[in-house]
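Okay, thanks for coming, everyone. I'd like to talk about aromatic rings today, so let's get the model up on the screen.

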Amino acid sequence: MAFPATLAPYAARAEATRGRLYKEAESAFRTPFQRDRDRVIHAVAFRRLKHKTQVFISHEGDHYRTRLTHSLEVAQIARTLARALKLDEDLAESLALAHDLGHPPFGHTGEDVLVQCMEKYDGFDHNAQTLRLLTKLERRHAEFDGLNLTWETLEGVVKHNGPLTGPLAKKKDPLPAAIVEYAEAHDLWLDSFPSLEAQVAALADDIAYNNHDVDDGLRAGLFDFGEARDVPLVGPALRAAEERFPDAPRVILIAEAVSDLIGAMVQDVLSETRRRLEADKPAHADEIRRADHAFSAFSPEMDRDLSGLRSFLHENMYRHYKVNRARSRAKRIIKSLFDLFFHEPETLPPEWRSRYEGASEARLARVVCDYIAGMTDRYAAREYRRLFGDEFEG
């Protein structure tokens, strides 16, 4: 297999991968990171992202982002950043495509409910759930459960926000059992930063969701141009679009402004990352991992403006009464399903019931959680209607 010869010295190198938990013969025409990307794309959990939403419920419109379209946008931005920095684009893309696999239906609302339901049973964390999917729950191979991805991909999925243990960890809470158990078999260096590919994929996620939330919020009428013109980053971009295209329709102005915003954020990340690389001059991917700081980041000025944008979106979009109504329905669905399956496990489909029989209460809770977390929005709503007879209407 021919490997790219133009990578930076600090890039992850597919030919030097730390390998997979289960040994496999290498492909004659794909690098290990390309195979990881392809396995993620073919995963059942990846296809389900089509009907998992973040802010809007799936029946509210066909043009709002889903987890799938979001993941594709993140992958596009991650590849752009990786190419500009001479990193391994396939690894960055794999991480971008996999990063949301563990999210339950109904976005962060669904996660909040599962966190409450699993409080006595090691909790719920979408990042740990992604690892469970990639290493246990996906079943596509005869010789092992999971997708058997490379160390570098799994490391990036688990640590995309930075070290999980040690003095550099942002959170000091106990780690989810799924991460601890896997790391015991396949040490993911939980006390270090991930590769630079993982760091740019994480920032690509920030860029994508902030911009598409602005786009979706304006298109849905949750806030208008007048309100948005006073928002950091968004206001200047809208005014610039209006000055350049005074006769353009509203939807075109939104698209032009969002496009400019994405470009500005990408350029900011590249400038700040290059500044940090030039200051430290890392000569190997492990020097990126063992540093005492992230190498890829927004500039302080962009961070400040993004904070203002997030505050605006929180107040004017995520807490909008229409979104709150959808959130209320989602809470009722997830909580009702969990309680029913937990207290009456005979109502679980046979495939899932067989995964806990004879085991502990905690095991039953985890099986129920896995089942619900894998549902799409519309499947969860359909199960609710079947089991409780209530209509789920917009």
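Here's one to start: does Y371 count as buried or exposed? Y371 counts as buried, at 6% relative accessibility; buried means under 20% relative accessible area, exposed over 50%, and partly exposed in between, with a 1.4 Å probe and protein chains only.

Quick housekeeping. This is a predicted model, where local features need pLDDT of at least 70, side-chain atom pairs count only at pLDDT 80 or more, and totals for chains, interfaces and linings use all residues. Residues are numbered from 1 along each chain as its sequence is written, and side-chain values use heavy atoms, leaving out hydrogens and water.

Now, pairs. Rings of Phe, Tyr and Trp (for Trp, the six-membered ring) pair if their centres lie within 6.5 Å; planes under 30 degrees apart are stacked, over 60 edge-to-face, and the rest tilted. That rule gives 8 aromatic pairs. Take W352 and Y371: the ring centres are 5.4 Å apart and the planes sit at 40°, so we call the pair tilted. W352 is in helix α16 (residues 350-353) and Y371 in helix α17 (residues 361-373), 19 residues apart. Helices here are DSSP runs of H or I, at least four residues, numbered from the N terminus. W352 is buried too, at 13% relative accessible area.

There's also one aromatic cluster, formed by Y121, F338 and F342.

Last, charges over rings: NZ of Lys or CZ of Arg within 6 Å of the ring centre and within 35 degrees of the ring normal. R18 has its charged end over the ring of W151, 4.7 Å from the centre, and R290 lies over the face of W189, 4.3 Å from the ring centre.

Conventions. Helices (H or I, at least four residues) and strands (E, at least two) are DSSP runs, numbered from the N terminus.
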